[in-house]
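Thanks for sending this one over. Here are a few notes to read alongside the model.

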Amino acid sequence: VCSMGNSTSRLYSALAKTLSSGAVSQHQDCLEQADSAQLDPIDPKDLLEECQIVLQKRPPRFQRNFVSLKKNSASDHRPIRVMQWNILAQALGEGKDNFVQCPMEALKWEERKCLILEEILAYKPDILCLQEVDHYFDTFEPLLSRLGYQCTFFPKPWSPCLDVEQNNGPDGCALFFIKDRFELINSANIRLTAMKLKTNQVAIAQTLKCNETGRLFCIAVTHLKARTGWERFRSAQGCDLLQNLKSITQGAKIPLIICGDFNAEPTEEVYREFSNSSLNLNSAYKLLSPDGQSEPPYTTWKIRPSGECRHTLDYIWYSQHALNVNSALGLLTEEQIGPNRLPSFNYPSDHLSLVCDFSFNQDPDRLL
């Protein structure tokens, strides 16, 4: 049991403060859901209000609009909203990533966590997939569980966060889903392999049942190896993940959604592997392009000592035979991002959040 304290504070404890690194270290072996059953539920409007009080000296949130993508509107259920986001590990943002145009003050956790929460609360995802989570036990699990989410965390075996002084434990992938909408059927924590060797990258894959329709689907979150020169390594990791997902989905009999920071441009081999997989996957954000064939020009944009880094690395893949993309959240414009790029006082991460609304295909027996 990972106890997170009482629920008497109006700031809901975790929002007002974070645990010391010493306290967090006691929870590093508690990789599944912490026990928040005795904590009172939070009204999301109240939590949003508290975040906005903390952020009152910062600029307002950027306005982003959903783009309708579905050709026909007939559906027998409410859409399933999925959010993908590399939120930037706090230890890496402050200690390793060298965002030369971002003031250190903009990276203060007490305010940055409120920007992250504000973004999540604004879009109200049914399923939330995060990477670079290093404040799971003291912030995201205790808060999101009280918002009605079931929470799972899988840290990297050798997280680079641990090299940073006064870190908050390892970073990893986290997956959250609304318990009232879905039932957990199966959950797998996957340590990715490459060339038959276990690597430092991980994935979570969960099979859920939609309570409204009774339909099963699989949701997966991952974060592949970063940096130039590791293209073959990422390709091997992607192949391993696809093999695992083929088994979990019984060869695509169960619809699949994969969220992740792939650290790979669309020109890389790992992207082609997912595009050409027997799982019949498509990338949801391609549908925002005029021809439906091109990825966005960027999902991350930052300035490091080596120069400006503008890349498309983040994706939401889905089973195009079984799922429809009803809408997708538009990206920030260059003007909104500003000349100093990301992160900033306006935006908490160097990666943009991706959000899509999915519905099940009306003909579940449609051939691949």
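1. By class, 10 nonpolar, 11 polar and 15 charged residues make up the lining of the largest pocket. Here Ala, Val, Leu, Ile, Met, Phe, Trp, Tyr, Cys and Pro count as nonpolar, Asp, Glu, Lys and Arg as charged, and the others, Gly among them, as polar.

2. A word on provenance: this is a predicted model, where local features need pLDDT of at least 70, side-chain atom pairs count only at pLDDT 80 or more, and totals for chains, interfaces and linings use all residues. Residues are numbered from 1 along each chain as its sequence is written, and side-chain values use heavy atoms, with hydrogens and water left out.

3. The largest pocket has a volume of about 930 Å³ (the space filled by probe spheres set on grid points joined across faces, edges and corners). A pocket is an open set of points on a 1 Å grid over the protein atoms alone, where a 1.4 Å probe fits, with protein on both sides within 12 Å along at least five of seven lines; lining residues have an atom within 4 Å of a point.

4. β7 gives the most to this lining, with four residues. Strands are DSSP runs of E, at least two residues, numbered from the N terminus.

5. β7 runs antiparallel to β6 (residues 182-194), joined by 11 bridges; pairing requires at least two DSSP bridges. Asn186 stands opposite Thr207 in β7.

6. With β8 (residues 216-223), β7 pairs in the antiparallel sense over seven bridges.
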